[in-house]
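Here is a short briefing to read alongside the model. Have the viewer open and follow the topics in turn.

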Amino acid sequence: MAELNNIIENIDEAQKLPVNGRARRMLLRRLIDFVALPATAVAPQDRCMGGDILLEMLFYASVEDREFCARRLQVTREAPRRLMRYLAMNDFQVARHVLEDNEGFDAGDLIEFVDNTTTDHRLLIAKRKRVGPSVSERLCEREEPSVLKALLLNPGSSISEAGMDKLVRHSRKIEGLPGLLIKRLEIIPSQAMAMFWWSSGATRRVILQRQAADRTELVDLCADVFAVAAEEKWADEVARKTLQLIERRQRNRAAIEKSPYDSLEHAIEVAAERGLDPELAQEIGFLAGVKPVTIAKILSDQGGEGLAVLCKATGLKRPYLTMLWQALRRPLELENGEPHPQFAYMKETYELLAVAKAQTTLRYWNWSLSSSFSPRKPNTSEVDATEASNETRFSASQRTARLVFGR
C-alpha cells in the first residue's frame with residue numbers, strides 16, 4: 001500500500017511540473033478547436049466530454065495558453081458552461097476575453113463571478129451588453145466607484161428598487177454618483193428626495209423639478225375624507241398624519257394662535273433683524289407646518305435650495321426669502337456689489353419652483369426626516385418582531401430617514 005501511495009504522489013508531482021512538450025501544446029489546441037465547433041458539427045455529449053478533458057488540461061496550462069483558449073471561445077455560446085465559468089473566474093488577463101462579450105452565462109453564473117473575483121472582473125460585468133436586475137443588485141453591494149458608475153452609464157443594465165436603494169446609499173460618499181442616478185428611469189421620488197441633501201446644485205434642481213408631484217388628483221380623491229376626519233376631531237393619528245401629507249394648506253394655523261409672533265412673516269422679520277437662534281428657528285418651523293428636525297435640516301443646509309422650497313411652499317414673497325437668507329447671516333453681495341452667486345442661485349430656484357410641487361417636497365421631507373409615520377406607539381412587549389422588521393424595511397419614511405442621517 002505504501003508503494004502504491006508513493007507512485008500516486010510521484011504522478012501528481014509530475015503533473016504539476018511545467019512541461020513544454022510539443023504533444024501537450026498540440027493536444028490543447030486540438031481540444032480547443034473541438035470545443036469551439038458549431039452546434040451542427042458535434043454532438044452535445046461529445047462536446048461536454050471534450051470540454052471536461054480540456055478543463056483538466058487547463059489546470060496545468062500557462063496563463064498564455066489559458067488566454068489563448070479564452071480568446072478562441074470568446075463568443076462561443078455552445079462551449080460547456082463549467083469550462084467557461086473557469087475561464088471567467090481566472091486571472092483578469094484570461095477572464096476579460098469572455099466576461100464582457102460571451103452570452104452563454106446566465107444570472108447565476110454572473111452573480112458567482114461578482115462574489116468571487118476582483119474589481120476588474122466586476123467592472124467588465126457592469127459593462128456587459130445586458131445586465132439583469134439580480135446581477136445589478138449584487139454589483140451594487142460593494143462601494144466600488146468605477147463599477148457603480150459603469151453600471152449606471154450602461155444603457156443595457158436594469159436595476160431593481162433594492163439595487164437603487166444601495167446605490168443611493170453609496171452616493172453619499174462617491175462623488176458624481178447622484179448626477180448619474182438621477183438620470184436613471186428606475187429611480188423613485190423617495191430615493192431622489194433622500195439623495196437631494198448630498199447632491200450638487202444642478203442635481204438638486206433636477207430632483208425638485210422632475211421628482212416632486214403636484215398631488216392634485218390625490219387631493220381631489222380624498223377631498224371628502226377631510227370633512228370626516230374633522231368631524232372625528234382628528235382623533236385617528238394615522239388618518240391625521242396621512243391627510244397632513246396630502247392637504248393643500250401648508251402653514252400651521254393652530255401654531256399661529258399659540259405663537260408670540262403674529263405670523264410666519266413676522267417671525268422671519270425678527271430673525272432678519274436679530275439673527276436666528278434655536279428657539280426662533282423652531283418657531284419658524286412650527287408656523288411653517290414642519291417639525292424641528294425638518295427646519296433644522298433646511299436651515300443648516302449650505303446649498304439654499306431647501307430655503308427656496310420652504311418659502312415657495314408656505315407662500316412667502318420674495319422679500320422674505322432675502323430676509324431668511326439674512327437671518328442666517330449669509331452674504332447677499334460680493335465685495336464689488338454683485339449679487340452673491342449662491343444667493344442668486346437660490347433665488348433662481350425659488351422662481352423655477354411651482355407652489356404645489358414645493359409643498360409636496362416640503363411635506364415629504366417633513367414626513368420622512370422625522371420618520372414618525374407609525375400606525376401605533378409600539379409596546380415592546382406586544383410588537384411582533386417580524387412585523388416590526390417589515391415596517392422598518394419597507395417604510396418609505398424610515399428608509400429615507402436612515403439614508404439621510406446615515407444610519
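In helix α8 (residues 119–126; helices are DSSP runs of H or I with at least four residues), the buried residues are H121, R122, L124, I125 and A126. Buried means under 20% relative accessible area with a 1.4 Å probe, protein chains only. This is a predicted model: local features need pLDDT of at least 70, side-chain atom pairs count only at pLDDT 80 or more, and totals for chains, interfaces and linings use all residues. Residues are numbered from 1 along each chain as its sequence is written, and side-chain values use heavy atoms, leaving out hydrogens and water.

**Packing and core**
- Those buried residues of α8 pack against α5 (81–88), α6 (92–99), α7 (107–116), α9 (133–139) and α10 (145–153).
- L139 is in contact (heavy atoms within 4.5 Å) with R122, I125 and A126, and its partners beyond four places in sequence also include V114, V131, V147, L148 and L151.
- L139 is also among the residues with the most contacts inside the largest nonpolar core, which has 95 residues; such a core is a set of buried Ala, Val, Leu, Ile, Met, Phe, Trp, Tyr and Cys residues joined through side-chain atoms within 4.5 Å.
- L54, L87, L181, I284 and W365 share that listing.

**Backbone**
- R329 has a phi near 60°, a positive value in a residue other than glycine.
- The loop between α23 (318–327) and α24 (341–352) holds R329.

Methods. Buried < 20%, exposed > 50% of the residue type's maximum accessible area, 1.4 Å probe, protein only. Helix = DSSP H or I, 4+ residues; strand = E, 2+ residues; numbered from the N terminus.
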